[in-house]
Amino acid sequence: MTAANDSADLEALFDSIASDIPAAPPPPAKSVTGDSDDLQALFDSVSSDYQVAAPTAVPIEAVTDPAAAGAWPAQEAVFNRIGHMARLLHDTLRELGYDKLIEETVTALPDAKDRLAYVANLTEQAACRVLNATDVANPVVESVEVSSCALGQRWDKMFNNQLSVAEFKVLAGDTRAFLNGEVPRQMQATRAQLTEIMMAQDFQDLTGQVIKKIVTLAQNLENSLMTVLIEVVPETKRTEEVTNLMNGPVINAEGRSDVVVNQQQVDDLLESLGF
Amino acid sequence: MPADPKMKFLVVDDFSTMRRIVRNLLKELGFTNVDEAEDGAIALQKLQTGGFEFVVTDWNMPNMDGLTLLQTIRSTPNLKHLPVLMITAEAKKENIIAAAQAGASGYIVKPFTAGTLSEKLNKIFEKMGLA
């Protein structure tokens, strides 16, 4: 914000206020001759010098000074008063720490955004790794299941005396190969996928740290903003709730009666409505 | 098997992970004929091409949300008979009521289990007279 901007804005504000002031007291110099304009200009330049030298003392005097009972001094007073209000507001904000808050927000929010994107990225990667692992492991487990069922059925035949000696020898050999070969091999492959699933959880440590930082940031922001809001928002507006059908997961259902917390409650609700 | 294992499903969710999970669960239950759509608008396009017999949809999605998809399905003559099962994180009572009133065949809140999906599917099949 530049000084030029400041004064332009203040000027505009001042103009709008000044135009509202009804009929400024008529300048007493009306009856005097045409040199009043020059005098006025001289007066203005002198009085503005004076105001720069002693800014705090001026407003009251400018209003009350009977010698300055023209349109300009009255407007100067308004101008000055607004200047003081702006300064006061600025100082108050600084005293309350709001200027620092605003500065922190500006720098912290993009950072929080990046951190959340990082969390989303890591969790998505983890989900993919786990789904890939189950995709690999499922057919392996299934093949062991199918093979063992087939062998079992042949053993059932053996126990029902439906196998010849030669067939029994083949069955014994197949079973031995299954137990020594296929099962250990497939179980090893499955275990590798279980390890992969376990390792895919390593995101939790990283995202946990990042999320904790964001929670702290959000709490700080919330506290500060709540203070401002409580001062600014009228009582009646505070309890108004946004009604919306797309709220996402319920993060904390404690003490809420408008949400369900499990499938059973969904079913009960639907049933109670006759669906 | 209560219903035809060749029954064609459309799984609608904006997150590929969830689509994959639902697809895998359906496969476990014996349904391998599954297509996916990432929002309601794409789902409608796919449904219009025909052949689908069951819709499983999320609620909160870009372009067209699940409730609008459900309402559109129910108001489209050649689609309105389709069973629509909602699987969503939206857990407000008014959500569940709104979905039921719009004609949802079932409502599952996330996170959910394989058992819940199986139970709700069977319940819908029963109502359809397939079980």
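Q: Why is Asn63(B) called partly exposed?
A: Asn63(B) has 13 other C-beta atoms within 10 Å. The cut-offs are 20 or more for buried, 12 or fewer for exposed, and partly exposed in between, counting other C-beta atoms within 10 Å, each placed from the backbone. So Asn63(B) is partly exposed.

This is a predicted model: local features need pLDDT of at least 70, side-chain atom pairs count only at pLDDT 80 or more, and totals for chains, interfaces and linings use all residues. Residues are numbered from 1 along each chain as its sequence is written, with chains lettered from A and ligands numbered from 1 in the order in which they are written.

Q: What makes Asn161(A) count as exposed?
A: Asn161(A) has 6 C-beta neighbours inside 10 Å, so it counts as exposed.

Q: Where does Asn161(A) lie?
A: In the loop between helix 5 (98-159) and helix 6 (165-199) of chain A. Helices are DSSP runs of H or I, at least four residues; strands are runs of E, at least two; both are numbered from the N terminus.

Q: What is the peptide bond from Lys110(B) to Pro111(B), cis or trans?
A: Omega is near -5°, and the bond is cis. Most peptide bonds are trans. Pro111(B) sits in the loop between strand 5 (106-109) and helix 5 (114-128) of chain B.
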